[in-house]
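Grab a pencil and have a go at these exercises. Try each task yourself before you read the worked solution.

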Amino acid sequence: MRKHKSVDVRVDSMLDDLRTLVEVESPSRDLDALGASAKTVAEVIESRLGGQAVLVESEAGPHVHWSGGGDPRVLILGHHDTVFPLGTLERRPFRVADGRATGPGVFDMLGGLVQAVHGLAALDDLSGVEILVTADEEVGSGSSRALIEERARACGAVLVFEGAADGGGLKTGRKGCGTFQVSITGRASHAGLEPAAGVNALIEAAHQVLAIDGLNRPEAGTTVTPTVASAGTLDNVVPAAATVIVDVRVESAAEQERIESAFAALVPHLDEARISVRGAVGRPPMPEAASAELFEVARRLQPGIEGKAVGGGSDGNFTAALGVPTLDGLGAVGGGAHADHEYLVVDAMVPRARLVTGLVEAIRASRET
C-alpha cells in the first residue's frame, strides 16, 4: 500500500499553486497552450502528491492522469481548459484582494483542481485514488469521454471539481445538454425584380424557430432556446441559406429522446426549401439519484452543506449516466463562471480541501473488503 506523508492544508500554498495554474493560459482548442497547461498541472500534482502524472495525448490537447496505485476506488475528475482566449491574463491578471482570488479560470475550474490536490495531500495513504484532468470539457469532451468513462467504471465513484453551486452548495443533479444546428437551403433571386422566383431561407428559418420554440416543456425541466441565427448576403437578394443554432437542456432520458426525435422530424414549410439538422443532447442528464449516496457522506462531514440541481452540464453527466455514484460541484466557492467578474472565495478553500480528504477516506473505507 502506497504511503504519503501527511501535511496540513494551508491556504497560502493553495494560492501559490492557483497562481501557477492561472498564469499558464489554457483556452480550449489551442493545442500549444493546452500542452503547456497540462505540463504545469502535472508538475503541481507531482510536487504535492509524488508519483508521476501521465500526459495522455489527444486531438484536443493533453489530458493529465495520475494514480496513487493499488485497486482504483475513487476518481477525482476535472479539466484544465478554459473559455478565455490568450491575452485575457494580461488584461485580468491573477490577484488576491478583499478575500477573493480573481483571474481567468479561478472558479471554472482551476481553484477546484488545487483544492482537490491539497485535500489529497493531507492523506497518509493515496492508494486507490486517481486524478483525471481533461483538456476539452468546455468544448464537449469529445476526445476525453471514452477515457472518462473507462476510469469511472474502474474506480466506481467519481468526485467532480467544477465550481460550487450558489452559496457553496454541491451539485447533486444536472440537466442533460446539447446543441442543434438547423441549416436551411432556399434559392436566391433579385428581391426587387423577381422576389417570387426565390425561396426565402430566412422566412423558412422563422417558421422553424417558432416550431422549435414549441418544443419547450418547462414543467418537465426542458428548455429549448434558439441562440444564434444567420441568413442572407445582400439587402436586395432573397436569402438562399440560413442557419439556426439551438441550446437544449433536459432533465430526463425520456425528454432527451423526445427532443432528439423532434429535431429529426422537422420539415420545411415553404415549397422547395430544404432542411438539414445536426446535433444531439451530447451530455446525458445527471439524475439526483446518482449523487444521493455520496451527498449523504458529504453532509455528515460538513453538516448544513446544501445540494442543488443545476442546469449546466459537466463531465459528471457522463459518469452518472453509467450508474457510477457521482458528486459534483466540489470545487471552488465563488461565481462568475465564463465572465470577467469570475472569482473564488479564499476563506472557503481550506474547508473544501478538507471535504476532499474526508470524502476520499469515507469512499475507500466503504469499499474495503
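**Exercise 1.** Find which residues Ser37 is in contact with, leaving aside its neighbours within four places in sequence.

*Solution.* Start with the list: Ser37 is in contact with Val24, Ser26 and His80, where contact means heavy atoms within 4.5 Å. A quick word on the source: this is a predicted model, so local features need pLDDT of at least 70, and side-chain atom pairs count only at pLDDT 80 or more, while totals for chains, interfaces and linings use all residues. Residues are numbered from 1 along each chain as its sequence is written, and side-chain values use heavy atoms, with hydrogens and water left out.

Next, pick out His80: its side chain and that of Ser37 are joined by a polar contact of 2.9 Å (a pair of N or O atoms within 3.5 Å; within protein, one must be able to donate a hydrogen and the other to accept it, and residues adjacent in sequence count only if both atoms are side-chain atoms).

**Exercise 2.** Decide whether Ser37 and His65 are buried or exposed.

*Solution.* Take Ser37 first: its relative accessibility is 4%, so Ser37 counts as buried (buried is under 20% relative accessible area, exposed over 50%, partly exposed in between, with a 1.4 Å probe and protein chains only). Now His65: its relative accessible area is 18%, so His65 is buried too.

**Exercise 3.** Work out which side chain makes a polar contact of 2.8 Å with the side chain of His65.

*Solution.* Look at what His65 touches beyond four places in sequence: the list includes Gln52, Glu130 and Arg151. The partner is Glu130.
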